[in-house]
Amino acid sequence: MTVVPTVALTGVTKRFRGTAALDDVHLTLGPGITGLLGPNGAGKTTLLRITATVLTPGAGEVVLFGTRPAGPEQLAAVRRRLGYLPQEMGHPRGFTGFGFVDYMAVLKEWTDRAARHAEVRRVLELVDLDGVAARRVSALSGGQRRRLGLAQALLGDPDLLLLDEPTTGVDPGQRVTLRQVLSRAGERSTVLLSTHQTEDVAALCDRVVVLDGGRVRFDGAVADLVATAAGRVWLADAPDPAARASWRTGTGRHRVVGQAAPAGAEPAEPTLEDAYLLLLGERARTTGVAA
Ligand SMILES: Nc1ncnc2c1ncn2[C@@H]1O[C@H](COP(=O)(O)OP(=O)(O)OP(=O)(O)O)[C@@H](O)[C@H]1O
């Protein structure tokens, strides 16, 4: 049996006034959570917007649920199956939290009022906002607003969830709550999680894609990326200016991420963050770009 991928991007390129935000990106996604990492300006938001059908690519092919959506009806059919949390979520003025998610549900064609309200309550509970749903959005904190954005993306339990930095500004306790929500979603749905939080990727994702300069620099298992840092991370008594990165930790010792062991250093267990720093550092060295 052939399994149709949820998302298949082939040679996707997008330029903004001569700058390649995405440059020949190939990506296939199926159920599970894929982390999308990359420095500022790497093209993550552009990739999510194109996959969410908000933006059209300059070149290449976007196939969602086995179809290349063309025309309003196909686009509407695809959009019914996806939930999207944009990087910046505008909120119409004066809405309460409940009113905002309810409004988004109306746009998503939930016409039956009782069923819609039940679904709005369900997603607000999932992100732990049921207690403040009657407050105006303008009175919610930044982290609460972010969770409200995630709630609207979860409406209808979509087959494809595209999340642009969902945990930005969210406190540690709530981040763990959101991890539980996302890990449950990833059991059934295809989730693409763009983030700067390597810990969230390490905690949630089996696969990670690293974008840099609009190109895919790594696409594979999180464990495989972490393994690339084996033997290149140490704890030392002094900083190492020659290393890719070194900093004083809370214990007073210095974590050194680089190519050569400093004198007297002892090996440390690499993390995804270490591997990511080394991957981008290598690109900087080979291309002359500052990482
Ligand atoms: N609407 C736009 N007009 C002009 N340039 C744009 C536009 N959107 C993105 N870009 C440019 O495309 C490149 C990729 O931007 P994008 O927002 O996709 O990166 P990102 O990886 O999401 O960055 P960040 O981590 O800072 O959110 C950047 O150089 C950015 O300036």
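Helices here are DSSP runs of H or I with at least four residues, strands are runs of E with at least two, and both are numbered from the N terminus. Keep that handy for the whole tour.

Before you click anything: this is a predicted model, where local features need pLDDT of at least 70, side-chain atom pairs count only at pLDDT 80 or more, and totals for chains, interfaces and linings use all residues. Residue numbers start from 1 along each chain, as its sequence is written.

**Stop 1: the ligand**

Select the ligand and bring up the residues around it: Phe-16, Thr-19, Ala-21, Gly-38, Asn-40, Gly-41, Ala-42, Gly-43, Lys-44, Thr-45, Thr-46 and Gln-87. A residue makes this list if its C-beta atom, placed from the backbone, lies within 6 Å of the molecule. Colour the shell by class and you get three nonpolar, eight polar and one charged residues. For the classes, Ala, Val, Leu, Ile, Met, Phe, Trp, Tyr, Cys and Pro count as nonpolar, Asp, Glu, Lys and Arg as charged, and the others, Gly among them, as polar.

Which element gives the most to the shell around the ligand? That's helix 1, with three residues. Strand 2 (19–29) and helix 1 (44–51) each supply at least two.

**Stop 2: helix 1**

Stay on helix 1 and colour by burial. Buried means 20 or more other C-beta atoms within 10 Å of the residue's own, exposed means 12 or fewer, and partly exposed is in between, with C-beta atoms placed from the backbone. Seven of the eight residues of helix 1 are buried, so the helix is largely enclosed by the rest of the structure. Those buried ones are Lys-44, Thr-46, Leu-47, Leu-48, Arg-49, Ile-50 and Thr-51. Just after the helix, check the backbone of Thr-53, which takes a positive phi of about 65°.

**Stop 3: strand 8 and its partners**

Now select strand 8 (residues 207–212). Five of its six residues are buried, so this strand is largely enclosed by the rest of the structure. Two strands pair if DSSP finds at least two bridges between them. With strand 3 (residues 32–37), strand 8 pairs in the parallel sense over four bridges; Leu-37 has Val-210 of strand 8 as its bridge partner. With strand 9 (residues 215–221), strand 8 pairs in the antiparallel sense over six bridges, and Val-208 stands opposite Gly-220 in strand 9.

Zoom in on the hairpin of strands 8 and 9. Two residues lie between the strands, and Gly-213 takes a positive phi near 55° there. Gly-214 is in the loop too, and it counts as buried because it has 22 C-beta neighbours inside 10 Å. What is Gly-214 in contact with, leaving aside its neighbours within four places in sequence? Ala-20, Ala-21, Leu-22, Asp-23 and Gly-43. Contact here means C-beta atoms, placed from the backbone, within 7 Å.

**Stop 4**

Next, strand 5 (residues 82–85). Leu-82 and Tyr-84 point one way, Gly-83 and Leu-85 the other way, and all are buried. Four bridges join strand 5 to strand 6, running parallel, and Tyr-84 stands opposite Leu-162 in strand 6.

Leu-162 also turns up in the largest nonpolar core, which has 73 residues; Leu-162, Val-101, Leu-124, Ala-151 and Leu-193 touch the most other members. Helix 9 (residues 272–287) gives the most to this core, with seven residues. Such a core is a set of buried Ala, Val, Leu, Ile, Met, Phe, Trp, Tyr and Cys residues joined through C-beta atoms within 7 Å. Click Leu-124: not counting residues up to four places away in sequence, it touches Gly-97, Phe-98, Val-101, Leu-129, Asp-130, Ala-133 and Ala-151.

**Stop 5: the domains**

Zoom out and colour by domain: domain 1 (1–81 + 158–225), domain 2 (90–156) and domain 3 (226–287). These bounds come from an automatic or database domain assignment. Over C-alpha atoms, the centres of domain 1 and domain 2 are 23 Å apart. At their interface, 12 residues of domain 1 are in contact with 10 residues of domain 2. On the domain 1 side, helix 6 provides the largest share, four residues.

Notes:
Two residues are in contact if their C-beta atoms, placed from the backbone, lie within 7 Å.
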